[in-house]
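Have a look at the model first, then read on.

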Amino acid sequence: MKKLSNRIITINRTPIFLGNDSLAYIDRLVTSLSPTGLFILVDPNTREHCLPILLNKAATLVHAQVVEIKEGEFGKSLGNAEKLWNELLSAGAGRSSLLFNLGGGVISDLGGFVAAGYKRGINYFNIPTSLVGQVDAAIGGKTAVNLGHIKNQIGFFHAPQAVFVSSGFLKTLPEEHLRSGMAEMIKSTLISNPALWRRLQKNPVSRMLVQPVEGALWQDFIHAAITFKNKVVTRDFRESNLRKILNFGHTIGHALEGYSQSRHGKPLLHGEAVAAGMICAAYLSHLKASLPLADLNTIASYLVEGFGHFEIDPDSKIHLMELMMHDKKVKNGQLCFVLISKPGFPVINVACDQTEISEAIDFYNSLSR
Ligand SMILES: NC(=O)c1ccc[n+]([C@@H]2O[C@H](COP(=O)([O-])OP(=O)(O)OC[C@H]3O[C@@H](n4cnc5c(N)ncnc54)[C@H](O)[C@@H]3O)[C@@H](O)[C@H]2O)c1
């Protein structure tokens, strides 16, 4: 294969093509696989902003059938999976058809799920167009749909054939979604890289958001997050142990995300919920894993500056605990958390009881005052 001006990294034998020329590899891969059918999954926003860019770079996809779902988290449903399976079936898709997921984490989670289930598994490619997708969701082969308001309850480990990461897509991503993606970048930094965390502290979220995404600052963080996830998932694809560290902030974050969807008004974005979840996890880290108070305070103020504050109604704690108990990290009836003993040093499987979790939520609520 002729070398293009990209970086390629490999994860569990899945190549990740990085850089603005990365889409140029698609034609060669498609040709080498001789598929019987080609499908591109989009939502209305990625159809408008990203599909023209993709088709301009990948001539083999020009006659692919485009399948679309409505945008947003509610799209990650069994109903949508069934709708897509029916569309694939009607179009005559077979075992050697290929699905290209062009979109954010909702598209790669749902599209990967559909690919994993269709005729016991077809090959698929992720082309992440949101920051959450590029630094996290599109990599590592975790696919899922939600069950009502309970996140990611039904899913498969089914790795994509390749991932194409082009930051050019991020130019049309609305700012609130760029901010949301920053939460996953910050998570990656807090569990892996003290030096990068120090650099982030000099660059608050509000300052990052006015920097060009193609500049060195953003690219360094995006590349570090992808490389780190690559390393973790290569060592523990099925999340038996090490991969659990990627869930830092997600146990309470997922519960908040589901809870906010079940209420009136605008639901929290994934990253906003994870940011609040990381503050609670940092509090638990101080309580149970010796995270110094100064670090707890720095993490909390960095995240509140970046993501604002979402008041958690104290009366909803029981409902939140119930949502958390559906989490995959429950052991012997107790919730196990990923915590940090200091920035860059994760600790897994720390059991926390309801009183401690409740205190963490109270700490989070105290930050609005
Ligand atoms: N599987 C995993 O390992 C993993 C990891 C992290 C997050 N996730 C999942 O990812 C989901 C969140 O992902 P997300 O934040 O990307 O949400 P999303 O897919 O809903 O995308 C966010 C919004 O941005 C729009 N958009 C995407 N790319 C665009 C572009 N280039 N230009 C204009 N608009 C664009 C979308 O249409 C959508 O409205 C959650 O469901 C979360 O659970 C999965």
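## Where the ligand sits

This is a predicted model. Both domain 1 (7-172) and domain 2 (175-366) give residues to the shell around the ligand, so the ligand lies between them. That shell has 28 residues, and the ones that come nearest are Asp 43, Glu 73, Thr 129, Ser 130 and Thr 172. Sorted by class, the shell residues are 7 nonpolar, 11 polar and 10 charged.

## Polar contacts and cover

Which atoms pair up with the ligand here? A polar side-chain atom of Lys 76 is 2.8 Å from a ligand oxygen atom, and a polar backbone atom of Gly 105 is 2.8 Å from an oxygen atom of the ligand. On the nitrogen side, Thr 129 puts a polar side-chain atom 2.7 Å from a nitrogen atom of the ligand.

On its own, the ligand has 870 Å² of accessible area, and the protein covers 93% of that. Two or more shell residues come from each of helix H2 (44-49), helix H5 (105-117), helix H6 (131-137), strand S8 (150-157) and helix H7 (175-192).

## The second largest pocket

Now for the second largest pocket, with a volume of about 220 Å³. It has 13 lining residues, and Arg 7, Leu 18, Gly 19, Ser 167 and Gln 219 lie nearest its centre. Helix H10 (residues 216-235) gives the most to this lining, with 4 residues.

The lining of this pocket splits into 4 nonpolar, 7 polar and 2 charged residues. Domain 1 (7-172) and domain 2 (175-366) each supply at least three residues of the lining.

## Cavities

How many cavities of 30 Å³ or more does the structure hold? There are 5 of them. The largest cavity has a volume of about 100 Å³, and among its 12 lining residues Ile 150, Lys 151, His 254, Leu 323 and Asp 327 are the closest to its centre.

Notes: Residues are numbered from 1 along each chain as its sequence is written. This is a predicted model: local features need pLDDT of at least 70, side-chain atom pairs count only at pLDDT 80 or more; totals for chains, interfaces and linings use all residues. Side-chain values use heavy atoms; hydrogens and water are left out. A residue is near a molecule or strand if one of its heavy atoms lies within 4 Å of it. A polar contact is a pair of N or O atoms within 3.5 Å; within protein, one must be able to donate a hydrogen and the other to accept it, and residues adjacent in sequence count only if both atoms are side-chain atoms. Accessible areas come from the Shrake-Rupley method with a 1.4 Å probe; for residues, only the protein chains shown count as cover. Ala, Val, Leu, Ile, Met, Phe, Trp, Tyr, Cys and Pro count as nonpolar, Asp, Glu, Lys and Arg as charged, and the others, Gly among them, as polar. Domain bounds come from an automatic or database domain assignment. On a 1 Å grid over the protein atoms alone, a cavity is a set of points where a 1.4 Å probe fits but cannot get out, and a pocket is an open set with protein on both sides within 12 Å along at least five of seven lines; lining residues have an atom within 4 Å of a point. Grid points are joined across faces, edges and corners, and a volume is the space filled by probe spheres set on the points.
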